[in-house]
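Me: I would like to go through some of the terms used for this structure. Please set each value against its definition.

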Amino acid sequence: MTDTTAAAAGSASPEGERRNRVPGEGSFWLSEWAFPLLVACLAAGIFAGTHLYYVYHTGTFSDVAVTALLKAGMAHGSYGAAAAFGAGFLFARIIEGPMVGILDIGGSLQTGVGIGIPAMMLAAGVTAPMEHFWLALPTGAVIGAAVGCVILLIRRATVNSSGGTSTFGADVMMGAGNSAGRYLGPLVIIAAATASLPVGLGSTLGAALFYWWKKPLTGGAILGAMLAGLFFPIAAR
């Protein structure tokens with residue numbers, strides 16, 4: 001009885017509280033309001049990357065297929081596809097992030113801030129942030145800070161509200177892309193084989209190794225194709 005009481009007293013003592021405390025707990029970097037600052041820094045770099053692509057045709061942080069939508073708009077003057085796709089992703093991730101506690105950087109910032117918002121600006125005739133690096137950085141930072149603040153406000157009004165414990169069904173979205181990606185491995189192999197025989201063999205070998213290691217096939221197929229393409233480049237058409 002004495003040992004139990006002593007242990008309980010020890011855990012409640014200041015020394016016990018210090019042992020159980022998370023490193024950095026209570027500091028600014030683990031506070032709620034550090035989040036908009038971090039998102040602002042990320043968005044500033046991503047938006048500046050879009051500026052580099054707009055001016056020098058290199059440097060974008062977005063996926064190749066998504067960047068192709070912006071490239072098509074730059075070539076033909078129609079930014080509707082890039083704006084709709086990017087803004088749709090940004091809206092979905094802003095709704096999802098507060099509910100599940102994870103912000104998808106690829107969907108929200110790289111696609112939304114890096115492609116969707118610039119496409120909307122270009123469609124409206126606002127080109128200065130994409131033409132000047134010194135303006136691209138603060139523009140991206142302001143957009144990122146606004147995204148971070150909106151996410152915090154939504155979180156406070158939903159899961160962090162008094163008695164709020166529901167994710168409002170948004171947790172269904174988590175992992176949906178990864179689950180769907182498991183079935184893309186064969187398509188990647190077929191696409192690689194269509195490009196060239198060595199690249200197709202490399203993709204097949206990579207997928208087989210990842211299957212043996214009990215890892216997703218898609219990652220192995222992509223890495224195998226990239227490695228084979230390094231030694232057997234595809235001739236430009």
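Me: What makes α6 mostly covered?
Reply: Of the 19 residues in α6, 14 are buried. Buried means under 20% relative accessible area, exposed means over 50%, and partly exposed lies in between, with a 1.4 Å probe and protein chains only. The model is predicted, so local features need pLDDT of at least 70 and side-chain atom pairs pLDDT 80 or more, while totals for chains, interfaces and linings use all residues. Residues are numbered from 1 along each chain as its sequence is written, and side-chain values use heavy atoms, without hydrogens and water.

Me: Why is Gly112 called buried?
Reply: Its relative accessible area is 0%, and the cut-off is under 20%. Gly112 is therefore buried.

Me: How do you know that there is a kink in α6?
Reply: The bend at a residue is the angle between axes fitted to the seven residues ending there and the seven starting there. In α6 the kink is about 50° and is centred on Gly112.

Me: Why are α4 and α6 called roughly parallel?
Reply: Angles under 35 degrees count as roughly parallel, over 145 as roughly antiparallel, 65 to 115 as roughly perpendicular, and the rest as oblique. The axes of α4 (residues 64-76) and α6 (residues 105-123) cross at roughly 10°, so the two helices are roughly parallel to each other. The contact, meaning heavy atoms within 4.5 Å, is made by Val66, Thr67 and Leu70 of α4 and Thr111, Ile115, Ala119 and Leu122 of α6.

Methods: Axes fitted to C-alpha atoms, helices over the stretch in contact; angles between N-to-C directions. Helix = DSSP H or I, 4+ residues; strand = E, 2+ residues; numbered from the N terminus.
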